[in-house]
Amino acid sequence: MSSAVSPTVSATLARYAPEAGAAVEAMHAAAWETIDPTLLELCRRRMAMLHGDRAELARVPPRAASAGIPTAKLDGLANWPGSPAFTTAERACLAFTELFVAEVSGITQADVDSVLEHLGPAQLYGFVTALLFLDQQQRLRIAFDRILGPLEVPA
Amino acid sequence: MSEERTIVRRIPLPAPGPEGKRPSLAAAYAPRLSAALDGYQEAVVLLKGLDPVTTELVRLRCARLHDCHT
């Protein structure tokens, strides 16, 4: 089964920091096996849009591929506030994700409460931890690309 | 001072266990994810590419940018 981690990140860490690479693989496996894959994929893609990470938008992690996310949602993600395709829970999580990427210290109690209306405390805690993993990976991928240049990734 | 009085509660805290002790948020709410994060952080601090002083300066600078006081 292919990895939930970006091939660029996997290959770079395997080359320069294999111990950290194994830990990153474990983090992403845990995230995709713990959090609803449709919700996580929508947030992962929205995060990639905000980071301008076209490589992340072009790939689909295995659990997301098997989740069967409707095309209307994927197509409407760039303009999700105006799209009827998204549930209220997805809207709350997408708004939270945007804050997480743009200014994590600016998240307020109201932002937390809007997600808590749909996810319980444990799910919210897991969701935020998974957001950290996704955000970190996308920033790593972009940084590796800028610092090391395009890496030859084994197919 | 009790835990409840020293922190701002953004999400409900886990219920205390049979001995009256409240488990950590990580242990109660996301044990697998938290264990994976711990494993990553342990692996990162053992990396040899950057000396400990520079590593700590970078960590503190990142915390300041994120307005993180922990």
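## Salt bridges between the chains

Between chain A and chain B of this predicted model, the count is one salt bridge, a term that denotes a side-chain nitrogen of Lys or Arg within 4 Å of a carboxyl oxygen of Asp or Glu. The partners are Glu33(A) and Arg32(B), whose closest N and O atoms are 2.6 Å apart. Arg32(B) belongs to helix H3 (residues 31-45) of chain B and Glu33(A) to helix H2 of chain A, so the pair joins two chains. Side chains of opposite charge can pair when their charged atoms come close. Over all chains, the structure holds 11 salt bridges.

Residues are numbered from 1 along each chain as its sequence is written, and chains are lettered from A in the order in which they are written. Local features need pLDDT of at least 70 and side-chain atom pairs count only at pLDDT 80 or more, while totals for chains, interfaces and linings use all residues; side-chain values use heavy atoms, with hydrogens and water left out.

## Extent and composition of the interface

Chain A brings 30 residues to the contact (heavy atoms within 4.5 Å) and chain B brings 19 residues. About 1900 Å² is buried between the two chains, and carbon and sulfur atoms give 72% of this area. Buried area here is the accessible area, taken with a 1.4 Å probe, that two parts lose on being put together, summed over both. In chain A, the residues that lose the most area to chain B are Gln109(A), Pro121(A) and Tyr125(A), together 26% of what that side buries.

Two residue pairs are in polar contact across the interface, both at pLDDT 80 or more. Such a contact is a pair of N or O atoms within 3.5 Å; within protein, one must be able to donate a hydrogen and the other to accept it, and residues adjacent in sequence count only if both atoms are side-chain atoms.

On the side of chain A that touches chain B, two or more residues each come from helices H2 (18-34), H8 (109-116) and H9 (121-148) of chain A. Helices are DSSP runs (H or I, at least four residues), numbered from the N terminus. H2(A) gives the most to this side, with 11 residues.

## Packing of H7 and H8 in chain A

The axes of helix H7 (residues 88-103) of chain A and H8(A) come within 8 Å and cross at roughly 145°. Axes are lines fitted to C-alpha atoms over the stretch in contact, and angles run from 0 to 180 degrees between N-to-C directions. Ala92(A), Cys93(A), Phe96(A) and Leu99(A) of H7(A) meet Asp111(A), Val112(A), Ser114(A) and Val115(A) of H8(A).
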